[in-house]
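Hi everyone, thanks for making time this morning.

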Amino acid sequence: MSDLRINSDRLWDSLMELAKIGATEKGGVKRLTLTDLDKQGRDLVTSWARDAGLSITIDQIGNVFMRRDGEDNTLPPIMTGSHIDTQPTGGKFDGNYGVLAGIEVVRTLNDRGIRTKAPIEVAFWTNEEGSRFVPVMMGSGVFCGAFTLEHAYAAKDTEGKTVGEELERIGYKGDQVPGQHPIGAYFETHIEQGPVLEDADKVIGVVPAVMGLSWYDCTVSGMEAHAGPTPMHLRKDAMQVAARIIPEVVAIANRYPPYGRGTVGMMQVFPNSRNVIPGQVKFSIDLRNVNDELLNKMHEEILAFVDKTSADTGLPIKIERVSYYPPCPFHPDCVGAVRKATEKLGYSTMDVVSGAGHDAIYAARVAPAGMIFVPCKDGISHNEIEDAKKEHLEAGCNVLLHAMLERAGVV
Ligand SMILES: [Zn+2]
């Protein structure tokens, strides 16, 4: 078993083949969830699964489970998976790598005629990206009971189409009740989507935990007025007040190192005209930390700062938490299996806390879970120029193979 390796060319070719569906001019992929292109991607991956002898189950939120029987099929499967939907200007590897690495694990086991004690399953989860429909990580979220199927079905895109309708339309609304699907252990391989591994020149990131996240919508209300005739002391300038809060978001993150994160990434100015004093400014706040206690302190500090700023300026400011999930430590058995496989295979490695959300967070609520990171070029993802090295993808897939075998048991 110790000389068992995946087929790197085959993995790469599958990644490139899938990336043709929704390929963009700049070398990326646009395959939004539950579109015709997503259907084509789903059809291709499931056809590969059938060719590899896997049986397929689809649940009511469109999560797809591709199963290779074990010797004892009463055991819960050892599962790996990720997502094949992308951002509007996404790359070839985010999510897709985790799914196709799973397919490659199965193909390798088939090549060598290896039987496992527990079944092996490869999954892809619906709407991980959350770009077309909110919330993000929808399929895995429904699966673990983070929110209801009805809530997910009702989510609308900008054209008013719902998840329920679109699932039906592309033929991926299955029968299985989400969550009625036992998992013995869950592994997910993913590009790091950050620069840490590349910076440290390491090949495999063992992921002990994923950061928790708190999202806010913040609205400052002022008074629109002409930029010329209105003297400075008589203004209610929503932009200037918003501009006090924004640096504080970063300051809060910096007060809770090394994993504090603070970002204002979205802003809307009303009426957004150069000679009008802004009457209203809406912006997003994204706070993260790997420690829930610290994340809570960050939460309290931003609320307190917003209150104080409103009192100091006399302008009403509304801040509303719109999303939250706590930090997610992964299971010691799964983290241990990844670490052991990495050491056995001799890859350079370090621990990397994930700053991004993944389906594994929700899987971890219902089963022992762990993740494997590989470097991506310049740490760039959610971008058409997202890139990863073939040998790194190979290494991550080999680690996945050996970690899954350890948990599944070889007959
Ligand atoms: Zn992803």
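Let's begin with what lines the largest pocket: 24 nonpolar residues, 16 polar ones and 10 charged ones. One thing to keep in mind as we go is that this is a predicted model. The pocket holds about 1,600 Å³ of space. Its lining is made of 50 residues, and those nearest the centre are Leu213, Trp215, Asp286, Arg288 and Gly357. If you colour by secondary structure, you can pick out the elements that each give two or more residues to this lining: strand 8 (212–221), strand 10 (261–263), strand 13 (280–289), strand 14 (317–325) and strand 16 (349–351).

For orientation, domain 1 covers 8–210 + 327–408, while domain 2 covers 212–325. Their C-alpha centres are 35 Å apart, and the contact takes 10 residues from domain 1 and 9 residues from domain 2.

There is also a second largest pocket, with about 230 Å³ of space. It is lined by 15 residues, and the closest to its centre are Leu32, Arg132, Asp157, Thr158 and Glu159. Here the lining divides into 3 nonpolar, 4 polar and 8 charged residues.

Now, on to the metal. Which residues coordinate the zinc ion? They are His83 through NE2, Asp94 through OD and His190 through NE2, at 2.0 to 2.3 Å. Along the chain, the donors follow the spacing H-x10-D-x95-H.

Cysteine 397 is part of helix 12 (residues 390–408). Is it buried or exposed? Cysteine 397 counts as buried, because its relative accessibility is 0%. Setting aside neighbours within four places in sequence, cysteine 397 is in contact with Ile6, Leu11, Tyr97, Ala101, Glu104 and Val105.

Finally, some backbone details to check on your screens. The peptide bond from valine 134 to proline 135 is cis, with omega near 5°, and proline 135 is in the loop between strand 4 (120–124) and helix 4 (138–143). Another cis peptide bond joins phenylalanine 270 and proline 271, with omega about 0°. That proline 271 is in the loop between strand 11 (267–270) and strand 12 (276–277).

Back in the loop between strand 4 and helix 4 we also find methionine 137. Methionine 137 is not a glycine, yet its phi is positive, about 50°. With 2% relative accessibility, methionine 137 counts as buried. Aspartate 378 has a positive phi too, near 55°, and is located in the loop between strand 17 (369–374) and helix 12.

Key
Residues numbered from 1 in each chain as written. Predicted model: local features only at pLDDT ≥ 70, side-chain atom pairs only at ≥ 80, totals over all residues. Heavy atoms only, no water. Donors = N, O, S within 2.8 Å, 3.2 Å for Na, K, Ca; no water. 1 Å grid on protein atoms, 1.4 Å probe; cavity = no way out; pocket = protein on both sides within 12 Å on 5 of 7 lines; lining within 4 Å. Points joined across faces, edges and corners; volume = space filled by probe spheres on them. Helix = DSSP H or I, 4+ residues; strand = E, 2+ residues; numbered from the N terminus. Nonpolar A, V, L, I, M, F, W, Y, C, P; charged D, E, K, R; others polar. Domains from an automatic or database assignment. Contact = heavy atoms within 4.5 Å. Buried < 20%, exposed > 50% of the residue type's maximum accessible area, 1.4 Å probe, protein only.
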